[in-house]
Every structure is written in structure tokens, then in C-alpha cells.
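Subject: Structure handover

Hi,

Here is the structure for you to look at. My notes on what turned up follow below it.

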Amino acid sequence: ENPQLSSLDKTDLAFSEGSQSLYKPEPLEKVLNGDVLNILKVTMELDAEMKVLSNRAAMDASYVQELDGILKEARTIENHLKQKRESLKQRFTVIANSLQS
């Protein structure tokens, strides 16, 4: 033994040597394979979520298009009704004028 090591250093050295025998590091390939599998799993989950979000966005876009169509139809009907009202006003004016004469 080295006489320069204190009793505390000797205890640390003995502990670290003992702990090394209890800890068996996994091979790097096994650790990396586990990490790759986890990354693939997360990637697949994210891909599935992206598909769901993409489908929802497409559905929302179709709703917007449908609402735009309904709005255009409503404006067309509104303009038609305004024209009908003006036509009726003119007819009533003609009838009123003919009744006064």
C-alpha cells in the first residue's frame, strides 16, 4: 500500500473498486439500439399525430370552403330579394299613380 494515501482515500479506493465489480456496463451497441428504438417509437407516435392533425386541417379547410359557398349563396339570394323589392316598389308606384289619375 502507498503510505501517502490517507485512510479516507483508502476507503474511497476500496469502495470504487468494490462498486466496479457490482456495476456491469451494458455494451454500447445495446444502449444505442435501445435509444434508436425509443427514437423510432417517438417518431412513429409523432407521425401518427401529424396525420391526425393533417386530417383535421383538411376537414377544417373543407368546412371553410362550404361556409364560403353558403355565404355566396346567401349574398346572391339577398341581392335577388333587393331587386324584387325594388321591382315591387316601382309596380306599386305605377298602381298608385294610375289610381290617383
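A salt bridge here means a side-chain nitrogen of Lys or Arg within 4 Å of a carboxyl oxygen of Asp or Glu.

Overall picture first. The chain has 101 residues, and 0% of them count as buried. Its secondary structure is two helices and zero strands. The exposed surface comes to about 9800 Å². Carbon and sulfur atoms supply 61% of that area.

Next, confidence. The average pLDDT of the chain is 82. A score of at least 70 is reached by 75% of the residues. Residues 8-15 fall below 50. In the model, that stretch has four contacts beyond near neighbours in sequence. Where pLDDT is low, the predicted coordinates should not be read in detail.

Now the charged pairs. How many salt bridges does the structure hold? The count is three. I take them in sequence order.

Aspartate 47 with lysine 51:
- The closest N and O atoms are 3.6 Å apart.
- Both residues sit in helix α2, which covers residues 28-100. They are four residues apart, about one turn of the helix.
- Aspartate 47 is partly exposed, at 39% relative accessibility.
- Lysine 51 has a relative accessible area of 51%. The cut-off for exposed is over 50%, so lysine 51 counts as exposed.

Glutamate 78 with lysine 82:
- The N to O distance in this salt bridge is 3.9 Å. The limit is 4 Å, so the pair counts.
- The two are four residues apart in helix α2, so about one helical turn separates them.
- Glutamate 78 is partly exposed at 41% relative accessibility.
- Lysine 82 is also partly exposed, with a relative accessible area of 41%.

Glutamate 86 with lysine 89:
- Glutamate 86 has 36% relative accessibility and is partly exposed.
- Lysine 89 is partly exposed too, at 47%.

Last, the nonpolar side. Which residues form a nonpolar patch on the surface? They are Leu88, Phe92, Ile95 and Leu99. Together they have about 440 Å² of accessible area. Take isoleucine 95 as one example. Isoleucine 95 lies in helix α2. Its relative accessible area is 44%, which makes it partly exposed. A patch residue needs over 30%, so isoleucine 95 clears that cut-off.

To recap: three salt bridges, a nonpolar patch that includes Ile95, and a stretch at residues 8-15 with pLDDT below 50.

Best wishes

How values were computed: Residues are numbered from 1 along each chain as its sequence is written. This is a predicted model: local features need pLDDT of at least 70, side-chain atom pairs count only at pLDDT 80 or more; totals for chains, interfaces and linings use all residues. Side-chain values use heavy atoms; hydrogens and water are left out. Buried means under 20% relative accessible area, exposed over 50%, partly exposed in between (1.4 Å probe, protein chains only). Patches are made of residues with over 30% relative accessible area and no salt bridge: like charges are joined within 9 Å, nonpolar side chains (Val, Leu, Ile, Met, Phe, Trp, Tyr) within 5 Å. Accessible areas come from the Shrake-Rupley method with a 1.4 Å probe; for residues, only the protein chains shown count as cover. pLDDT is the predictor's confidence in each residue, from 0 to 100. Contact means heavy atoms within 4.5 Å.
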